[in-house]
Amino acid sequence: MSSCNSLIRIGGACQAELRWLYDGRGTLGTQRSQMTNDQKRISFLYHFTDRRNLPQILELGGLYPLAELRRQGVVVPAPGGNQWSHDADAMKGMDEYVHLCFRPKHPMEFRAREEGRIIDSVFLDVHPEVLQWEGVLFTPDVSNKSGVQRYAMEKAEELIDYEVLYTRTDWRDPAIQQRLQQAEKCEVLVPRFIPLDLIRNFPNG
């Protein structure tokens, strides 16, 4: 049995053990390629959570996939998903990823607030460097939705609507609004720990 010494232990899992496990699975931050010109237009990706989860994220040193937290016995204080979405994620392997989106707005966040699972939403700004990491995937819709395909980032370039996301368009135009709403459903799936130093706006409390 390992000892955490003076390090933080959360839900039976030592912070050092969690970090070691993820760094050992694949070198943290391993880059697969240079960012494309379109990807350089992305200032930040976003991860939504409830403010009640922030102290735990701070103690853990960043964001972990839900499946890894479960394996280590870490209980999330205010999970955004319900049992159905957690089961759907697990069936599709989506719980092995940290889920990010392109704008600080996502239909799953809206539903979580509507159903009372999230009381005070926080969108964390994640550095787009994660797009260069090995194994990152893209989905053109909510990732656990039936029939939604996953794509390697190399294949996703033609599927991401960079124009509606990052150029000035008339959002009053119904066709543009439809494109924007679809782009807001898209997800970037990161298969490893995202450290706090890649999260720009992490609040102090």
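**Briefing: a sheet, a helix and some aromatic pairs**

H99 stands opposite L189 in strand β9. The model is predicted, so local features need pLDDT of at least 70 and side-chain atom pairs count only at pLDDT 80 or more, while totals for chains, interfaces and linings use all residues. Residues are numbered from 1 along each chain as its sequence is written, and side-chain values use heavy atoms, with hydrogens and water left out.

- Strands, like helices, are DSSP runs numbered from the N terminus: a strand is E with at least two residues, a helix H or I with at least four.
- Three bridges connect β5 and β9 in the antiparallel sense.
- Strand β7 (residues 137-139) is also joined to β9 (residues 187-190) by three bridges, and these two strands run antiparallel.
- Within β9, V188 is the bridge partner of F138, and E187 stands opposite T139.
- E187 and L189 point one way from β9, V188 and V190 point the other way, and all are buried.
- Buried means under 20% relative accessible area, exposed means over 50%, and partly exposed lies in between (1.4 Å probe, protein chains only).

**Aromatic pairs**

- A pair of aromatic rings is described by the distance of the centres and the angle of the planes.
- Rings of Phe, Tyr and Trp (its six-membered ring) pair if their centres lie within 6.5 Å; planes under 30 degrees apart count as stacked, over 60 as edge-to-face and the rest as tilted.
- By this rule the model has four aromatic pairs.
- One of them is Y64 with F193, a tilted pair because the planes stand at 35°, with the ring centres 4.5 Å apart.
- This pair links distant parts of the chain, 129 residues apart: Y64 is in the loop between β4 (62-63) and α3 (66-71), and F193 is in the loop between β9 and β10 (194-195).
- Both Y64 and F193 are buried.
- Y162 and Y166 form another tilted pair, with 6.2 Å centre to centre and 35° between the planes.
- Both tyrosines lie in helix α7 (residues 162-166), four residues or about one turn of the helix apart.
- Y162 has 4% relative accessibility and so counts as buried, whereas Y166, at 22%, is partly exposed.

**Helix α4**

- In helix α4 (residues 83-92), the buried residues are S85, H86, A88 and D89.
- G93 follows α4 and has a positive phi, near 75°.

**P104**

- P104 is in the loop between β5 and α5, and its relative accessible area of 46% makes it partly exposed.
- Leaving aside residues up to four places away in sequence, P104 touches Y46 and F123; contact means heavy atoms within 4.5 Å.
- P104 and V122 are 18 residues apart along the chain, and their C-alpha atoms are separated by 8.9 Å.

Methods
Pairing = 2+ DSSP bridges.
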